[in-house]
Each structure stands twice: as structure tokens, then as C-alpha cells.
Amino acid sequence: MINPNSVMLGSLREDKIWMPADATWSPYIVGAIAIFLCWLYLNSEGRRLRHIPTVGYSSPILSFITAFKFLLYAEDVVNEGVDRFNGAPFKIPMLDRWIVIFYGEKYANEFKKAPDDALSITMAINETLQVPYTMGSEVVTNPYHLPLIRVQLTRNLDNIFPELHEEVVDSFNDILPPTHQWKAFQPMNTFVDVVCRITNRTFVGLPLSHNADFLQICKLYTLDVFKDSVIMNMVPSFVRPLSYLVLKNSYRRILMCMKHLEPVISDYEEMNANGGEMPNNMLAWLLEAAKEEERSPLHLTKRILLLNFTAIHTTTHTFVQAVYNLVSNPAYIPELREEIEGVVECSGWSRAALESMKKLDSFLKETQRLAPLGVWQSSRMAIKDYTCNDGTVIPKGTIVSLAIDPTHRNSDKYANPEKFEGFRFTNKGSDSNKVSSVVTLSDDYLAFGVGKHGCPGRFFAANEIKLLLAHVLVTYDFKLTGTRRPKTTTFGSARIPDMKADILFRKRCM
């Protein structure tokens, strides 16, 4: 599911850590060097991709015009490529590299079937986020956390649900207390705190999941990774170690986080040595699965922050988009409330109850169809020269992605594709032939990726977001302060919900 840019932006309060206090000159020197070296990089890579058509300018210098246009109008640039080249692959210049974009089910199917030693999602993430510097190379070379997410976390969703529900209720009572008076909140800044608490209740448990400093570190780590990776992507590989020594924002945040986790890890180790029952959370599972040096507090901290990086802001963005759709389409609220209350009356609050809420599931899926996290999905890097089934050659080192918006708005696949229809994916919806859960992967619905590399945490994420939505619907009345849906913007490939929109909340009047 990870769109690297989409989890870097939005839902973050201002963090003033950018450079060490004694190195304020660093961005200017690094930036000047980066512009020159980036020109050389684009020039050489562009020659290898001359056989693939370009959106905008192809020349080494003029391509920067298109790259800057992409920063602000990414959706338009991608849509232009799809329309102009009739679904054939095309390339887009970015400030630090070229991206080759594919569109259509046949290419989604090809991404699914391509072996990892040909098109690698791991290496694409590694390159885009500069993982060896920002998170640690071991999270790529030894991704033992992935089976824990895919299998252990998913299998435990029923067991952890009571704690999740308790945390949802407590978090909203603390952060957005229900009152009889209307009060304005900014969902992006408010809900990120709620999501961070709920997520870390599963990741590290109480009392750390209520520690304000720890939660702030988890939220800001995403911004640190973004800062460091952007700079290091602007310079060639041989300069990156030097850039890392100058920056180190993400590493400093890891050390700050480790101070909180180290005593918890020590308690878990003592508990395990004495034959005690280990907590049922991700940190305990990581400790049990880790081998040798991976059991150290530093390495375990890196894993916990990695999980927060992938979970908090992606979940917040999707939840906020769903709330914006509710306040913009209030006619859906009574029917959703009726479904939720009917299911809870019969089954109580449980994971099985959430799975029975088909209209709520459809509403979330439709939200992700029209407001996915970014303008592309399922990025891969060519590990070697790769020839597609249609003969297109992808040179080694090239990053390729699937265009998500044209796929989700394809009139051949979806009726009235530009219209938001919350119950589209129910038996009575306009696309009743596509009835399926939000977590179901398909070639024409890319929100969680495709194939075996589809988001491993999508079951947890969907469970969490549906629980959040259900709680908000039965607990609060809410409405827009204006007359239009808060605007969604893009920056680079990331899609960002309105950060400053105010939504009015009060305790629900029965």
C-alpha cells in the first residue's frame, strides 16, 4: 500500500528541526550541488528512456519545467499522459529521476506476475525513501516484520478488538470530547492524534501508547524521513553518506524513541525469561521473532517507527477523506447509523460486527476510489533490463508505477465514475457486479496495491478506519462550516486532504 510520498505529507504539525543549529548553511550548499548533479543524472537516465514517450519536455534542462509542474499538478500531468498516449507507457520527469507510468489492467497484471528479481517493490521503496539512511538497511535485508503484519496481526484482529474499541472511545473523549455545543475542529490535526494513540495501543500497548512525547516522536518521524530522503535523492550515491552525516534527522528521532522503548523491552525480556505471559502486541511479537542483533533496543525501535511510518498518516488521510465525504453528503448518515446500530444491537462491538456493516465498507471503498493516497501506486524498480509483454523495455534502475486515478475513474469499469456513490459496492449500488470488501485486491481497484505485494496491513487498517467511522457516526453530529467539500490537493505524487478545514462537532442529539 505504501505510496512513499503520500505518507510523508499532511497530518503533521510544524516541526522546526531541519538542520543542526550550527549548520544552517547546509541546505544551500547541498541544494546548489544537487541541481547540477541532478541535471547530469536526468540527462543520462533520459537517454536510456528515449524510446518511451514523455509528458512535457524531454531535454535535460527543460524537463525541469515539467518536473516543477508535476510538483503542483501531478494529477493533471498523469492524466495527460494516459489520454495523450492512449494507455501506452510514458515517462514523467521529476526533480531527481524519471518515473515510467503504466495504465490499465494488462499492466497491473504484469506487475503482479513479474518476479521480484526483475521488478522489485522493495528496491523501489529503498531508493525512494533512501531506507539505509532513514530507517536502516536491515529493514530491507531482513524484513521479518512483514510476516508478523500479514499473518500474526491479521489473525489477532478479533483478540485485540476490545482494546482497540476501548482506545477509540477513550481517545475521542480526551481529544474531541462530546459536548452539547457545536465546536470547530480541524480533522487533519485532530484525528492524527486519535489514530496515533489507537495504532500504538496495538503496537506497544499501555502505558506507552498514552505517552505524549512518544506519540509526538512517532508522528514526526515521518517528516524526518521525508526531509532526509528528499535531500539524499537529490545527490548521487557517493555523496549520500556525507549528506546523511549533515542531516541525520531521522536517526536522531530513532534515538529519542529508543529512550521510551528501552525500558519496555527490558520488562518484556524479563517477563519472558521468567515464563510470564507476554503482552499481545506488535512489540512483543517482534521481540519473539527477532534473532541476534535484531533483538537490540535500537533495532526494535527502528521496526516500531517503521510500522508507525506506514500506518499513522495513511490511516489518518483516509479517515479524514471519509469524514469529508460524510459532511459533504449528509444523506448517507441516517442509513449508515441505522446499519451500525442494528448490527451492534445484535452482535455488540466486535470485528465480526464491523465485517457485517456492508454499507460502511462500501462507503470507505468509494472514498478510497476517488481519493486514494497518491496519483500512482505499486511502484517497482527494474533490477535488470525488463521487457514487458508488449515489447516495452524498462532499463535497469528505472522506477515504474501504475496510474491510479484513470484506473479508478474508468467509465468502462465504473458507472458514473466521477460521482461519489457511497453505496456503490453494495448489492443495490450502481456497480453491484463489483460487490467486494475494501480489502479485496483487483486490477481495477489499486488502493491497497496489486498481487502478492498488496498492503500486508490492509486488514488492520480497514478494521481501524471502519471502527473510527462507526464511532463518530453514532457518537457525534457533525457538519461543514461552509457549503463545499474541503479541497484535496496534491504535492508531487501525494494527495493531501485539506489541512485547515474546520468541521463542526457536537454530541449527537437523539
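Me: What lies 2.9 Å from the backbone nitrogen of Val-438?
Reply: A polar atom of the Asp-361 side chain lies at that distance from the Val-438 nitrogen. A pair like this can be a polar contact, meaning N or O atoms within 3.5 Å; within protein, one must be able to donate a hydrogen and the other to accept it, and residues adjacent in sequence count only if both atoms are side-chain atoms.

Me: Before we go on, what kind of model is this?
Reply: It is a predicted model, where local features need pLDDT of at least 70 and side-chain atom pairs count only at pLDDT 80 or more, while totals for chains, interfaces and linings use all residues. Residues are numbered from 1 along each chain as its sequence is written, and side-chain values use heavy atoms, with hydrogens and water left out.

Me: What does the chain average for pLDDT?
Reply: The average is 89, and 89% of the residues score at least 70. The pLDDT is the predictor's confidence in each residue, from 0 to 100. Over residues 4–24 it is below 50, although that stretch has 61 contacts in the model beyond near neighbours in sequence. A contact means heavy atoms within 4.5 Å. Where pLDDT is low, the predicted coordinates should not be read in detail.

Me: Back to Asp-361: is it buried or exposed?
Reply: Asp-361 counts as buried because its relative accessibility is 8%. Buried means under 20% relative accessible area, exposed over 50%, and partly exposed in between (1.4 Å probe, protein chains only). Asp-361 sits in helix H17, residues 358–370. Helices (H or I, at least four residues) and strands (E, at least two) are DSSP runs, numbered from the N terminus.

Me: And what does Asp-361 touch?
Reply: Leaving out residues up to four places away in sequence, Asp-361 touches Ser-436, Ser-437, Val-438 and Lys-466.

Me: New topic, sheets! What is the order of the open sheet of 5 strands?
Reply: The order is E1-E2-E8-E5-E3, with mixed pairing. Strands E1 (90–93) and E3 (119–120) are at the edges with a single partner strand each, so one side of each has no neighbour in the sheet. Two strands pair if DSSP finds at least two bridges between them.

Me: How many bridges are there between E1 and E2?
Reply: There are 4 bridges, and E1 pairs with E2 (residues 98–102) in the antiparallel sense.

Me: Which strands does helix H2 lie across?
Reply: Helix H2 (residues 63–84) lies across E1, E2, E5 (376–382) and E8 (399–403), and runs at about 150° to E1. Axes are lines fitted to C-alpha atoms, for helices over the stretch in contact, and angles run from 0 to 180 degrees between N-to-C directions.

Me: How many salt bridges are there?
Reply: The count comes to 27, where a salt bridge is a side-chain nitrogen of Lys or Arg within 4 Å of a carboxyl oxygen of Asp or Glu. One of them joins Glu-75 and Arg-495, at 3.3 Å from N to O. Glu-75 is in helix H2 and Arg-495 in strand E11 (residues 494–496), so the pair ties together parts 420 residues apart in sequence.

Me: Is Arg-495 buried or exposed?
Reply: Arg-495 is buried, at a relative accessible area of 4%, whereas Glu-75 is partly exposed at 25%.
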